[in-house]
Amino acid sequence: MPSYYPAYLNVRDRHCVVIGGGAVAEGKIAQLRDAGANVTVVSPEVTPAILEAADQGQVNWLERKYQAGDVQGAFLVIATTNARTVNEAIFQEAEDAGILINVADVPAQCSFIAPSIVSRGAVTVAISTGGASPALARKFREELTGSPVMDWADLAGMLSQARGQVKQRGLAVDPQRWQCCLTTDLLELAQSGNEEEALTCLLSRLSGGDTDLCPDAARCQPSGCGRKPG
C-alpha cells in the first residue's frame with residue numbers, strides 16, 4: 001500500500017480529463033466543476049446529469065471511447081471505465097507524460113487519491129485511509145457531517161477578517177493565543193449574525209485587551225497558559 005502525501009490541488013481553470021461516463025464519473029466531474037476546473041469527458045455514453053452539463057456548456061464531452069493522446073495537456077486525469085485494459089492504458093499514458101492520474105478503485109494505479117470530504121462554508125475536511133478502506137472513510141465522513149465540531153467552521157469568515165486586520169496593524173500574535181481566543185461565546189456571536197461584534201471581541205482578545213481571557217498576551221506560549229477555551 002503506497003503512502004500518500006496529503007495536499008489540496010488548485011484546479012481552477014486547469015484542464016482536467018475524466019474518462020468514463022457512469023455514476024462514479026458523474027461524482028468526480030461534479031467535484032472538479034465545483035473547484036473551477038475545465039473538464040473534458042471522454043465516453044461513448046454518459047449519465048443524464050453529465051449530458052445536461054455538456055448541453056449547458058459546463059463540460060466538454062467527447063462522445064467516443066478513449067484514444068491514445070486524450071490525456072495530453074491535462075493537469076490531472078481520472079479513469080472510471082469498467083475495462084481493466086483501458087484503465088491500464090490510460091494510467092500508463094498519464095504516467096509517461098508526468099500527469100496526475102487516478103484510476104478509480106485501483107490504488108496501485110493512482111498518483112493521487114480523492115478523499116472523502118466534509119464541507120461547511122469555507123472549511124473542508126478531507127478524510128483518507130490511504131486506499132485501505134473507502135467504507136471506513138465514508139463512515140468518518142458521515143460521523144463528522146453531523147458532529148458539533150463542524151460548528152466551528154462558522155467562524156471561518158470572521159477569522160479571515162481578523163487575520164487581515166492583525167497583519168495590517170503589525171501585531172505579533174502567538175498561534176496559541178489564537179487557540180485560546182476561540183471560545184463558544186465567540187462562536188455564538190458569529191452564528192447569531194453578530195459578526196462585527198465577534199470580530200471586535202476577538203481583536204481585543206488577541207491584543208491582550210480582554211482581561212477576562214488573559215491580561216497578558218505574552219503569557220500565551222506554545223505549551224499553553226493553562227486556560228482552556230469554553
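Axes here are lines fitted to C-alpha atoms, for helices over the stretch in contact, and angles run from 0 to 180 degrees between N-to-C directions. Helices (H or I, at least four residues) and strands (E, at least two) are DSSP runs, numbered from the N terminus. This is a predicted model, in which local features need pLDDT of at least 70 and side-chain atom pairs count only at pLDDT 80 or more, while totals for chains, interfaces and linings use all residues. Residues are numbered from 1 along each chain as its sequence is written, and side-chain values use heavy atoms, with hydrogens and water left out.

**Stop 1: α1 and α2**

Select α1 (23-34) and helix α2 (residues 48-55). Their axes come within 9 Å and cross at roughly 40°. The crossing is left-handed: the near helix is turned anticlockwise from the far one by less than a right angle, whereas clockwise would be right-handed.

Now show side chains. A25, E26, I29 and R33 in α1 meet A49, I50 and A53 in α2, contact meaning heavy atoms within 4.5 Å. Five of these residues are nonpolar, none polar and two charged. Ala, Val, Leu, Ile, Met, Phe, Trp, Tyr, Cys and Pro count as nonpolar, Asp, Glu, Lys and Arg as charged, and the others, Gly among them, as polar.

**Stop 2: the largest pocket**

Keep α1 selected. It gives the most to the lining of the largest pocket, with four residues. A pocket, on a 1 Å grid over the protein atoms alone, is an open set of points where a 1.4 Å probe fits, with protein on both sides within 12 Å along at least five of seven lines; lining residues have an atom within 4 Å of a point. The volume is about 970 Å³, counted as the space filled by probe spheres set on the points, which are joined across faces, edges and corners.

Centre on A7, L9, I113, A114 and P115, which lie nearest the pocket centre among 26 lining residues. Colour by class: 19 nonpolar, five polar and two charged.

**Stop 3: the second largest pocket**

Select K28, D105, A114, S116 and P134, nearest the centre of this pocket. Its volume is about 620 Å³. The lining has 13 nonpolar, nine polar and four charged residues.

**Stop 4: α7 and α8**

Finish with α7 (residues 184-191) and α8 (residues 195-206), packed at about 155° with axes 7 Å apart. They are therefore roughly antiparallel.

Key
Parallel < 35°, antiparallel > 145°, perpendicular 65-115°, else oblique.
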